[in-house]
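Me: I have a model open and some questions about it. Can we go through it piece by piece?
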Amino acid sequence: MTLSRRMLIAGGLIACAMPAQAAPRRYDLWSQTSSVSFIFSANGTTQTGTVPVTSADIRVDTGNLANSTADVSADIRAAKTGLLFVTQALLGPSVLDAKN
């Protein structure tokens, strides 16, 4: 069975009209300037802190956000808060145990 010219053209137009299946798009982070921010409470006061990002593999699928992924590594030993004694407690063995 051979396809007529009209059927071939119609099939091509239908294929072009269908949405493309796009793969997740990779996004790069600059590890030198990127960080993970966090919020915590100390003695009833809300505080913030940061941890520098060492690497990240982020892929966003704008057609299906559930298909997006983020794999981020951070150097927990370099976590900082606005207060030195809170940072020391955070990095200590009872919280993050950053030395290990």
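Predicted model: local features only at pLDDT ≥ 70, side-chain atom pairs only at ≥ 80, totals over all residues.
Me: What lies 2.7 Å from a polar atom of the side chain of S34?
Reply: The backbone oxygen of W30 does. A polar contact here is a pair of N or O atoms within 3.5 Å; within protein, one must be able to donate a hydrogen and the other to accept it, and residues adjacent in sequence count only if both atoms are side-chain atoms.

Me: Where does S34 lie, and what is S34 in contact with, leaving aside its neighbours within four places in sequence?
Reply: S34 lies in the loop between strand 1 (25-27) and strand 2. With those neighbours set aside, S34 touches L29, P52 and V53, where contact means heavy atoms within 4.5 Å.

Me: Zoom out. What pattern does the chain follow along the sequence?
Reply: The order is α-β-β-β-β-β-α, made up of 2 helices and 5 strands. Helices (H or I, at least four residues) and strands (E, at least two) are DSSP runs, numbered from the N terminus.

Me: How much of the chain counts as buried?
Reply: The figure is 15% of the 100 residues. As for contacts with a separation of 6 or more, 34% of them are between residues 24 or more positions apart.

Me: Now helix 2. Which of its residues are buried?
Reply: V86, T87 and L90 are the buried residues of helix 2. Seen down the helix axis, they fall within an arc of 100°, so they line one face of helix 2. The arc is that of the directions from the helix axis to the C-beta atoms. L84, F85 and Q88 are exposed on the other side of helix 2.

Me: What covers the buried residues of helix 2?
Reply: The cover includes strand 2 (35-42) and strand 5 (80-81).

Me: And T87 itself?
Reply: T87 sits in helix 2 (residues 84-91) and is buried, at a relative accessible area of 10%. Apart from neighbours within four places in sequence, T87 is in contact with A79, K80 and T81.

Me: Change of topic: charges. How many salt bridges are there?
Reply: The count comes to 4 salt bridges, each being a side-chain nitrogen of Lys or Arg within 4 Å of a carboxyl oxygen of Asp or Glu. Among them, R26 pairs with D28, with the closest N and O atoms 2.5 Å apart. R59 and D57 meet at 3.1 Å, N to O.

Me: How accessible are R59 and D57?
Reply: R59 is partly exposed at 31%, and D57 is partly exposed at 26%. Salt bridges that share partners join R26, D28, D57 and R59 into one network.

Me: And R26 and D28?
Reply: R26 is partly exposed, with 43% relative accessibility, whereas D28 is exposed at 58%.

Me: What does D75 form a salt bridge with?
Reply: D75 pairs with R77, with 2.9 Å between the closest N and O atoms. R77 counts as exposed, at 57% relative accessibility.

How values were computed:
Residues numbered from 1 in each chain as written. Heavy atoms only, no water. Buried < 20%, exposed > 50% of the residue type's maximum accessible area, 1.4 Å probe, protein only.
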